Amino acid sequence: MLFLSTLNRNFNRLTSIVFYSWRFNKWGSFSILYKPDSLCGTKQIDIGKRVHIRKGARLEAHGENADIPTIEIGDGTSIHNYFHCGAAKSVKIGKNVLIAGRVYITDHDHVFDDKDNPPVRAGLIAHPVVINDEVWIGEGAAILKGVTIGKRAVIGTNAVVTRDVPPNAVVGGVPAKIIRFLEFKTYIF
Ligand SMILES: CC(C)(COP(=O)(O)OP(=O)(O)OC[C@H]1O[C@@H](n2cnc3c(N)ncnc32)[C@H](O)[C@@H]1OP(=O)(O)O)[C@@H](O)C(=O)NCCC(=O)NCCS
């Protein structure tokens, strides 16, 4: 069983290198991208080492400066199915971040109050997003423009995060509010 899963992982690493790695600005060793839904602006996307991005991801970088990475995903970060990340300015995801399925991270809104243009033709308003190291983002959560999430914070399932989250905070709800702060324990498994 272990042999089969190692074989499968190595096969997925190989297909990631053949089909996807060369499209990105940076591609760290041992990273895996399972079949994505949509990749856009990959020359502005940096993927660290040992990053796993499961199937159905939409990674969309629309930065104005082609030389500056618009999306950065740090070493050891694991992202489950149907992740959507849209960046017009900058989305930085740290190291060893755990992102559950159907999570949405965006650094922009469409202008929706332009008298002469509907959102589909109006511009974008963008503010950088930073997800610090070791954050856990629960299933279906949305992180909106301008938000910084502190190290080791936990974002509850289906939360909509509109404001900064301090380190070690557990937040949930719409809009997300602080539920409590982590009290660290030692576990023996
Ligand atoms: C955020 C979370 C970690 C909190 O867990 P917890 O500390 O055990 O929280 P509790 O169940 O003790 O709940 C504490 C309070 O927060 C509220 N709460 C918990 N999760 C919430 C959420 N996602 N949204 C809104 N409120 C939430 C509870 O209703 C409770 O409120 P109360 O004190 O008024 O009764 C957990 O609820 C969660 O959302 N986990 C994510 C699961 C997931 O996405 N897994 C994917 C695997 S990668």
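A residue counts as buried if 20 or more other C-beta atoms lie within 10 Å of its own, as exposed if 12 or fewer do, and as partly exposed in between. The legends below describe a predicted model.

**Figure 1. The loop between β18 and β19, with R152.** R152 is placed in the loop that runs between β18 and β19 (154–155). Its phi lies near 65°, which is a positive value in a residue other than glycine. Most residues other than glycine have a negative phi. Is R152 buried, exposed or partly exposed? Because R152 has 18 C-beta neighbours inside 10 Å, R152 counts as partly exposed.

Figure 2. N168 belongs to the loop between β20 (160–161) and β21. Phi of N168 is near 65°, again a positive value in a residue other than glycine. With 16 other C-beta atoms within 10 Å, N168 is partly exposed. P175 is found in the loop between β21 (169–172) and β22. The peptide bond that joins V174 and P175 is cis, with omega at about -10°. Most peptide bonds are trans.

**Figure 3. The open sheet of 6 strands.** The strands of this sheet follow the order β1-β4-β7-β10-β15-β18, and their pairing is parallel. Strands of a sheet pair through backbone hydrogen bonds, either parallel or antiparallel.

**Figure 4. The open sheet of 8 strands.** Here the order of the strands is β2-β5-β8-β11-β16-β19-β21-β22, and the pairing is mixed. The edges are held by β2 (32–33) and β22 (177–181); each has a single partner strand, so one side of each lacks a neighbour in the sheet. Between β11 and strand β16 (residues 136–137), pairing is parallel and extends over 2 bridges. Which residue of β16 is the bridge partner of L98? The partner of L98 is W136.

**Figure 5. The protein as a whole, as context for the close-up views.** The secondary structure comprises 1 helix and 22 strands. The radius of gyration is 17 Å, close to the 16 Å that the globule rule gives for 189 residues, so the protein is as compact as a globular protein of that length. The C-alpha trace spans about 60 × 40 × 25 Å along its principal axes. Of the 189 residues, 34% count as buried. Among contacts between residues at least 6 apart in sequence, 28% join residues at least 24 apart.

**Figure 6. The confidence of the prediction.** The average pLDDT of the protein is 95, and 99% of the residues score at least 70.

Terms used
Residues numbered from 1 in each chain as written. Predicted model: local features only at pLDDT ≥ 70, side-chain atom pairs only at ≥ 80, totals over all residues. Pairing = 2+ DSSP bridges. Helix = DSSP H or I, 4+ residues; strand = E, 2+ residues; numbered from the N terminus. pLDDT = per-residue confidence, 0-100. Rg over C-alpha atoms; globule rule 2.2 N^0.38 Å. Contact = placed C-beta atoms within 7 Å.
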